[in-house]
Amino acid sequence: MLMRRIISFVSAIRVSRFTSTENNAKILLEIRSKEFDMDETFGEVQAGDLEGVIEVTSRLNQISAYDLSVKNEYMGFADFRASFTPETPSDWTVEPTEGSLTSREPTNFILRFRPNNPGTSEGHLVIETEDFKKTWKLVGSTG
């Protein structure tokens with residue numbers, strides 16, 4: 001009964017480590033509450049090694065979208081943050097910004113570019129977990 005109450009207040013449970021002896025097995029769990037803040041955990045968004053360049057063209061004040069799929073490189077799942085480096089203009093948005101990446105199925109990200117000024121808009125998209133960081137250079141232009 002008590003365990004059901006605890007689980008009802010938890011938004012995510014992840015197996016962190018597994019240890020085994022002859023007489024018992026222990027599973028240590030990391031429990032993340034709903035108040036978990038990825039920005040506090042990872043700190044300021046910083047670009048890492050580039051995975052590639054994403055180029056998007058759009059008319060002024062109109063949205064163009066780009067789909068991106070990412071899997072967890074390791075077994076199981078990992079919490080992620082998808083965000084932009086501080087110098088990236090507000091012309092860019094991404095969804096989802098937080099969640100879990102699994103190793104079985106890719107997570108689909110939708111990157112949107114809506115230029116507010118004519119010309120070129122550049123920045124970096126960073127998707128990171130505790131174990132890895134993926135960075136793409138963004139180049140948006142008006143058409």
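**Strands, rings and a core**

Mentor: Let us start with a pair of strands: S6 and S8 run antiparallel, and 4 bridges join them. Please keep in mind throughout that this is a predicted model.

Trainee: Which residue in S8 is the bridge partner of Glu95?

Mentor: Glu95 has Ile110 as its bridge partner in S8.

Trainee: And which residues of S6 sit on the covered face, and which on the uncovered one?

Mentor: Trp92 and Val94 make up the covered face of S6, whereas Thr93 and Glu95 make up the uncovered one.

Trainee: What sheet does S6 belong to, and in what order do the strands come?

Mentor: S6 belongs to an open sheet of 3 strands, whose order is S4-S8-S6 and whose pairing is antiparallel. The edge strands are S4, which covers residues 64–70, and S6, and each of these pairs on one side only. On average, and ignoring direction, neighbouring strands of this sheet are turned by 20° against each other.

Trainee: How many bridges join S4 to S8?

Mentor: There are 7 bridges between S4 and S8, and these two strands also run antiparallel. As one example, Ser69 has Asn108 in S8 as its bridge partner.

Trainee: What actually holds paired strands together, in general?

Mentor: In general, the strands of a sheet pair through backbone hydrogen bonds, and the pairing is either parallel or antiparallel.

Trainee: Let me change topic to the rings. How many aromatic pairs does the structure hold?

Mentor: The structure holds 3 aromatic pairs. One of them is formed by Phe80 and Phe109, which are arranged edge-to-face, with 5.2 Å from centre to centre and 75° between the planes. Phe80 lies in strand S5 (residues 77–84) and Phe109 in strand S8 (residues 107–113), so this pair ties together parts that are 29 residues apart in sequence.

Trainee: Are Phe80 and Phe109 buried or exposed?

Mentor: Phe80 is buried, and Phe109 is buried as well. Another pair is made by Trp92 and Phe113, whose ring centres are 4.6 Å apart and whose planes stand at 35°, so this pair is tilted. Since Trp92 lies in strand S6 (residues 92–95) and Phe113 in strand S8, the pair ties together parts that are 21 residues apart in sequence. Trp92 and Phe113 are both buried, too.

Trainee: Back to Phe109, then. What does Phe109 touch?

Mentor: If we do not count residues up to four places away in sequence, Phe109 touches a list of residues that includes Tyr66, Leu68, Phe80, Val94, Leu101 and Ile127.

Trainee: How many residues of S9 are buried?

Mentor: In S9, 7 of its 9 residues are buried, and the strand is mostly covered.

Trainee: What does S9 pair with?

Mentor: S9 pairs with S5 in the antiparallel sense over 4 bridges, and within that pairing Ser83 stands opposite Val126 in S9. S9 is also joined to S10 by 9 bridges, again running antiparallel, and S9 and S10 form a hairpin with 4 residues between them. Within S10, Gly140 is the bridge partner of Ser121.

Trainee: Now a loop, please. Where does Asp91 lie?

Mentor: Asp91 lies in the loop between S5 and S6. Its relative accessibility is 12%, so Asp91 counts as buried, given that the cut-off for buried is under 20%.

Trainee: Which residues is Asp91 in contact with?

Mentor: Leaving aside neighbours within four places in sequence, Asp91 is in contact with Arg112, Phe113, Arg114, Pro115, Asn116 and Ser121. The C-alpha atoms of Asp91 and Arg114 are separated by 5.0 Å, and these residues are 23 residues apart along the chain.

Trainee: Last one: how many helices and strands does the protein chain have?

Mentor: The protein chain has 2 helices and 10 strands, and from the N terminus on its elements run α-β-β-α-β-β-β-β-β-β-β-β. Of the 143 residues in the protein chain, 31% are buried.

Terms used:
Residues numbered from 1 in each chain as written. Predicted model: local features only at pLDDT ≥ 70, side-chain atom pairs only at ≥ 80, totals over all residues. Heavy atoms only, no water. Phe/Tyr/Trp six-rings, centres within 6.5 Å; stacked < 30°, edge-to-face > 60°. Buried < 20%, exposed > 50% of the residue type's maximum accessible area, 1.4 Å probe, protein only. Pairing = 2+ DSSP bridges. Axes fitted to C-alpha atoms, helices over the stretch in contact; angles between N-to-C directions. Contact = heavy atoms within 4.5 Å.
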